[in-house]
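I am opening my notebook on a new structure today. Come along while I look up a few things, one entry at a time.

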Amino acid sequence: MDRINDQASIDAAASRNWSAAKGLLRFITCGSVDDGKSSLIGRLLFESKALFEDQLAVLADESKRIGTTGGDLDFALLLDGLAAEREQGITIDVAYRFFATERRKFIVADTPGHEQYTRNMVTGASTADAAVILVDARKGVLTQTRRHSYLVSLLGIRHIAVAVNKMDLVGYSAERFGEIQRDFAGFAERIGLADVVFLPISAVNGDNITAVSANTPWFRGPTLIDYLETVEVDDDRMQRAPLRLPVQWVNRPNLDFRGFAGQLASGVLKRGDRIQVNPAGTQSTIRRIVTSDGDLDEAVAGQSVTVTLSEEIDVSRGDVLSHADAPPAASDQFEAAVVWLGDQPLLPGRSYLMKIGAKTATASIMPLKYKINVNTLEHLAAPRLESNEIGVCGLELDRTVAFDAYSENRATGAFILIDRINNNTVGAGMLRFALRRSQNVHWQALDVNKAARAGLHGHSPCVLWFTGLSGAGKSTIANLVEKRLHALGLHTYLLDGDNVRHGLNRDLGFTDADRVENIRRVAEVAKLMVDAGLIVLVSFISPFRNERRMARALVGDGEFLEVYVDTPLAVAEGRDVKGLYKKARDGQLKNFTGIDSPYEAPENPEIRIDTTRVDAPAAAVEILETLGRRGIIAAG
Amino acid sequence: MISLTHLQRLEAESIHIMREVVAETEKPVMLYSIGKDSAVMLHLARKAFHPAPPPFPLLHVDTTWKFREMYAMRERTAREAGMELLVYRNPEALALGINPFTHGAAVHTDMWKTQGLKNALDEYGFDAAFGGARRDEEKSRAKERVFSFRTSRHHWDPKNQRPELWNLYNARKHQGESVRVFPLSNWTELDIWQYIHIEKVPIVSLYLAAERPVVERNGVLIMVDDERMPLAPGERPAMRRVRFRTLGCYPLTGAVESTADTLPAVIREMVLSRTSERQGRVIDHDASASMEKKKQEGYF
């Protein structure tokens with residue numbers, strides 16, 4: 001700590017650091033618990049004078065009171081921002097820290113080493129140009145080190161510094177350093193990390209941080225700061241990649257100006273360039289690159305710009321501009337690696353919102369190809385992904401989007417998945433390639449279509465989707481409705497939950513994943529029947545909003561009528577026609593809706609039947625009237 | 001190859017964030033406090049939507065205790081930007097005559113700023129509010145997201161933040177919920193000053209050293225900005241050469257002695273200074289967890 005007393009040299013160093021023309025590097029630090037991450041970042045802040053005297057005073061005081069370094073400055077305390085974490089003495093989230101040297105400003109993501117927080121590390125890594133992986137010189141490469149290294153490689157970070165820390169505690173042994181280096185290098189090669197640099201350091205003592213240490217005469221450098229000041233920044237590398245400009249916002253202040261605003265993901269854009277709008281494939285020419293400081297001749301990866309085009313063509317938010325001769329791929333089916341962040345598991349068959357660039361689409365998850373054991377890199381079969389797990393699966397979108405493989409371009413190959421009910425960000429994904437299936441299995445264009453069949457039947461097709469608790473009266477009402485429709489000479493079919501489970505869905509149980517698949521199959525069958533021109537009555541508990549919404553999306557507008565058979569749990573349980581509630585209460589029946597599995601009531605059903613007020617015949621009349629009003633059957 | 005400077009990259013990132021908010025929320029507003037961070041944020045907003053004016057209004061949650069020069073600056077700035085300026089003074093605080101002298105810093109801040117901000121957002125129905133907070137200001141800020149969600153009662157839950165990956169911001173929320181967005185999250189105090197200097201962003205001259213009437217209380221220099229400032233018996237304002245590193249309500253903002261009367265001098269002084277900017281803020285002098293507590297209650 002004697003360096004801090006050398007006022008003149010600190011002032012000189014600090015003055016050099018305020019140059020406005022420096023680069024920017026984002027990096028993450030990762031390592032196991034107690035590898036010394038926080039100490040390292042604290043050391044970097046201290047050495048670059050990013051700590052102020054009052055902060056140091058608070059730190060000195062806290063180090064004495066709650067520190068773990070026997071009264072010396074405990075840099076780890078600087079980084080534990082949230083009160084709850086400080087009490088637990090563990091970092092549970094990503095913290096961002098800033099410091100600067102003469103050449104660069106640094107943004108450091110401090111990410112936790114604790115097992116259940118993969119998501120935080122993935123978050124920190126997603127924006128990083130480089131990673132500093134800490135290894136305790138005494139312990140060597142641990143399971144957690146391997147896991148973090150794998151995540152670093154999965155997230156596409158190209159430059160890795162392995163900082164072998166606590167060298168002072170192994171007597172600055174070159175042999176020990178060499179051992180760890182060999183051990184890690186073998187693993188790095190397996191996971192495709194190409195650019196790895198090894199540094200023997202002591203965060204606590206400052207060895208090889210800013211200056212080559214006399215304690216390691218066998219090490220020639222670089223120091224950690226040297227490394228961070230010179231390692232390549234992603235934006236610079238991406239200037240050599242093909243042009244991608246995701247359009248964020250169409251700027252239209254008046255009739256004479258139509259600008260397309262966005263941040264260049266990659267490449268170099270010049271005035272007069274011939275460009276293509278993706279995925280539409282239309283082309284135009286860059287007329288102006290507009291900024292408030294005057295027009296630019298060219299813009300590079302990383303810049304936020306507004307461009308205008310010579311020939312007016314349709315461009316909207318979510319489109320990607322590229323050079324006409326080097327467009328991105330476009331598809332609606334992909335294979336991707338997905339890191340699951342949500343508390344509820346990822347269930348194949350369920351649909352999520354997918355945000356890629358400035359575009360938001362609906363994505364259905366296809367069955368998982370496998371999940372990855374991040375410790376052993378083994379591929380394991382899995383029906384679902386739990387929080388913090390990583391898997392590979394197909395995604396099917398409701399529209400075509402422009403994209404690049406994540407390994408080629410992080411900005412146009414990355415996406416997040418959003419839960420449609422609670423709006424949380426529940427998944428992070430990296431696109432690998434388009435599944436060609438959508439191009440190989442062309443839709444048969446059929447001459448006899450839905451409208452032709454409806455004409456023959458004399459009524460429009462639709463789905464009447466009855467949802468409600470077990471014993472609510474769904475099947476009774478649906479049965480009555482079908483009888484009346486049939487009596488009118490209309491073409492109907494009733495899909496009943498119990499009956500379908502005896503045949504088509506015989507292989508499915510009652511876990512959340514199986515319930516999702518159960519509904520998915522029934523929804524697809526209902527869709528085919530609507531296409532055949534039938535009035536389809538579906539009587540299923542269908543407890544999840546998401547699946548009902550998916551079923552609705554499969555058929556045309558106005559063809560899906562959700563009938564909420566609203567019976568309070570106590571009433572349904574009181575009736576207990578099939579004796580199921582009693583079994584569930586006795587624990588003989590698991591995952592029973594309303595008892596130990598949730599029922600998500602519809603928010604805006606087309607028809608709501610309150611069975612405590614209306615009996616089944618009256619409900620049937622009400623439903624027929626609604627069909628008449630909607631023009632599905634002849635009114636009256 | 002053109003290598004962008006750190007300021008160019010910070011600028012591009014902030015602009016990207018602002019455009020996302022405008023594209024994905026229904027009724028955004030920019031909180032404008034007249035300070036240096038607000039000035040930079042507004043400057044970036046004008047760049048983001050040029051040649052159109054920023055498509056949202058400015059909102060100043062006023063405490064009636066700002067420096068006089070700040071009020072003058074506020075009117076001038078909104079006019080020049082061609083933006084609507086909304087000024088909200090919490091009617092309850094106004095009726096009770098809340099002030100820092102009688103009621104203390106904590107009550108004053110809570111009533112005028114925390115409650116005032118919540119009321120203003122509810123009253124106008126804004127679902128997104130830009131704020132100029134930076135992660136380098138304070139420990140609990142270091143972990144806050146760029147898009148920070150609030151419940152319908154404006155509470156912040158630090159344990160339940162959405163992960164933020166790449167530059168893919170998820171702005172979706174339920175009816176009644178709102179989001180506070182911090183486009184300057186990754187800027188430091190030094191970045192702000194360098195940017196103001198290079199971009200010639202207009203700021204109030206209180207940031208530059210000048211002779212000003214001050215009194216010293218508990219080691220803090222308080223400027224006597226108007227006649228509402230009660231003086232203790234025998235207490236006399238003295239003219240001292242001071243400037244401010246941060247600006248809030250004048251009775252709660254400590255000045256520092258300084259000769260830095262130009263931006264380069266301020267930057268040099270800042271680089272060589274030994275104390276962080278929040279030391280001048282009387283409200284932050286509680287335990288270090290206090291900012292997190294204030295934020296959970298709805299303070300920006």
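**Entry 1: two helices in chain A.** I note that this is a predicted model. I began with helix α6 (residues 118-126) of chain A and helix α7 (residues 143-154) of chain A, whose axes come within 10 Å and cross at roughly 40 degrees. That angle makes α6(A) oblique to α7(A), because angles under 35 degrees would count as roughly parallel. I also looked up the handedness, and the crossing of α6(A) and α7(A) is right-handed.

Next I asked myself which residues in α6(A) and α7(A) meet. From α6(A) I wrote down T118(A), M121(A) and V122(A), and from α7(A) H148(A), L151(A) and V152(A). I sorted the residues of this contact into 4 nonpolar, 2 polar and no charged.

**Entry 2: the cores.** I found that the largest nonpolar core has 73 residues, and that F147(B), W187(B) and W193(B) have the most contacts inside it. Helix α2 (residues 36-49) of chain B gives this core its largest share, 8 residues. Another core lies apart from it, with 55 residues, including L24(A), L151(A), L154(A) and M167(A).

I then picked W193(B) and left aside its neighbours within four places in sequence; its contacts are K36(B), I203(B), Y207(B), L263(B), V266(B), I267(B) and M270(B).

**Entry 3: a leucine in chain B.** L96(B) sits in helix α4 (residues 91-96) of chain B. Is L96(B) buried or exposed? Its relative accessibility is 53%, so I count L96(B) as exposed. Not counting residues up to four places away in sequence, L96(B) touches H103(B) and M111(B). From L96(B) to M111(B) I noted 15 residues in sequence and 9.8 Å in space, C-alpha to C-alpha.

Definitions and conventions: Residues numbered from 1 in each chain as written. Chains lettered and ligands numbered in written order. Predicted model: local features only at pLDDT ≥ 70, side-chain atom pairs only at ≥ 80, totals over all residues. Heavy atoms only, no water. Core = buried A, V, L, I, M, F, W, Y, C linked by side-chain atoms within 4.5 Å. Buried < 20%, exposed > 50% of the residue type's maximum accessible area, 1.4 Å probe, protein only. Helix = DSSP H or I, 4+ residues; strand = E, 2+ residues; numbered from the N terminus. Contact = heavy atoms within 4.5 Å. Axes fitted to C-alpha atoms, helices over the stretch in contact; angles between N-to-C directions. Parallel < 35°, antiparallel > 145°, perpendicular 65-115°, else oblique. Left-handed = near helix turned anticlockwise from the far one by under 90°. Nonpolar A, V, L, I, M, F, W, Y, C, P; charged D, E, K, R; others polar.
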